[in-house]
Amino acid sequence: MHQHAPGCPARARLDRRARNAVSRLPCTAAGHRSLPNTGRHMLTAQRLQVSCPAVEQDTELPTSSGRAHNDNDLIHALFHTEQPTLVEEVVEVDRAAELNKRVKGASSLPMLCDLVQQDSPHFDYRSTSHALYRLSILCHAYFTQLQSAHLTSREAQQAAWIEYVEPALQTLGQLLIRHMDGCDAWGVSISFWAYGNLQCSDEAVFAALCERGLTIIDDFSAVDCASTIVGIAKLRVRPRCQREFLDHLLAHTADLLASVDAWSSREVANVLWGLSKIGAAGPSRRSLLEGPLEMTLWRLQEFSVQELAIVVYSCGRMRLRLPQQLAQITQHIAARSEELNPLDAAHVMWGCAKLDFTPSAALLERLPRVMVRRLSEFKPQEVCNLLYGYGHLRQCSAELLEGVAAACSPRLHEFSTQDLCLSIWSYGMLHYCPTGEQACRTEPAGHGVKENLMP
């Protein structure tokens, strides 16, 4: 089934903003002002939340206090001291902040690629992780533009990848390995997320990330766990080092799930989505699967309909049959059906169908009313999955079936063979042939299709 990675999600946002730690201290006894120590411990780490939807958000990372190559090395040598001067520290922090602003300001793949190639000597692990994240966002945006312009040929995408993405990835991968010893949980998690979003594997980089992740696994917060799980879920390759790290990550995630306040609604949805892709086994499986679902019910009002749709979809993939919990979630979705987008509707009905769970009549009636007028926005696979949900559950909606036939007939060239077969199967399961008039009759709810009234 097609889905954005939620994260894919997804929309990325900041959990908190970093503050500049550089400030002036009061006068000393000698009457001079001294500059403060701008060490790494004075900077608040910035967290990025992963997204499942298609809309992404720019981020600005905190400045780094790591040393960069600069002209002040000459001053450092002249003073014959092993520690950088206070003036040098301020210059380095300013340079790191300026570099991160330039990474954020790169609005196209060529701009970012040039920045990476020209300024790579000044990159630290934070700048490198930020650039990886930015690269994944720009790449997604560029391919979306190609799709909008009907230029989604393999040749067009391959050309963009070879010219811009591949050189930047190679440089950033080498930088990441070089600075890995200083990388924190944020750097590891967002790097995994970026590689996953790009769906690109690099064995050497992954080995270094996994080794570093195992060393600092106790420092991973909820958002770090969610970002890493989503990134790994998008990668189909599972080297041994990655599997070992993933086992420890899932165990740590299960421990963190005991703290409800540590998780945002989006992180809960992302973890469930990731688990639906990579699976969960062992003693922590129960807490990993049921914990996020219970948390969803406790904080139902905090979840967006998109996040709830991802929860239902993930339960469907994992065959997690909890009808009472699903009934509460789908009732909440029905009350906010106007907020659903095409992908959300497809997620909900596909997930319910996989669980053989029939949602409330309110949802089944409101979805067609909301979605039929937006069918032009649906991708072929989303249309098919929505039809599949109604067909598998034997819930005939003439409004939906007639609407799909009218809106999608001119677009049949966009449908794959599988899409067409699944659509025909759904109409067949409902004994419905679109004619512009109601052409089916069903028994009372729960008894399925009775007969076809067509001649």
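User: In which helix is the place of Glu 402?

Analyst: Glu 402 sits in helix 17, residues 398-408, where helices are DSSP runs of H or I with at least four residues, numbered from the N terminus. This is a predicted model, in which local features need pLDDT of at least 70 and side-chain atom pairs count only at pLDDT 80 or more, while totals for chains, interfaces and linings use all residues. Residues are numbered from 1 along each chain as its sequence is written, and side-chain values use heavy atoms, with hydrogens and water left out.

User: Does Glu 402 count as buried or exposed?

Analyst: Buried means under 20% relative accessible area, exposed over 50%, and partly exposed in between, with a 1.4 Å probe and protein chains only. Glu 402 counts as buried because its relative accessibility is 17%.

User: How should I read the packing of helix 6 and helix 7?

Analyst: Two packed helices are described by the angle between their axes and the distance between the axes. Axes are lines fitted to C-alpha atoms, for helices over the stretch in contact, and angles run from 0 to 180 degrees between N-to-C directions. Here helix 6 and helix 7 pack at about 150°, with axes 10 Å apart. Helix 6 is therefore roughly antiparallel to helix 7, a term for angles over 145 degrees.

User: Which residues of helix 6 meet helix 7?

Analyst: Contact means heavy atoms within 4.5 Å. Val 188, Ser 191, Phe 192 and Tyr 195 in helix 6 meet residues of helix 7 including Phe 206 and Leu 209, and both Phe 206 and Leu 209 are buried.

Note on methods:
Helix = DSSP H or I, 4+ residues; strand = E, 2+ residues; numbered from the N terminus. Parallel < 35°, antiparallel > 145°, perpendicular 65-115°, else oblique.
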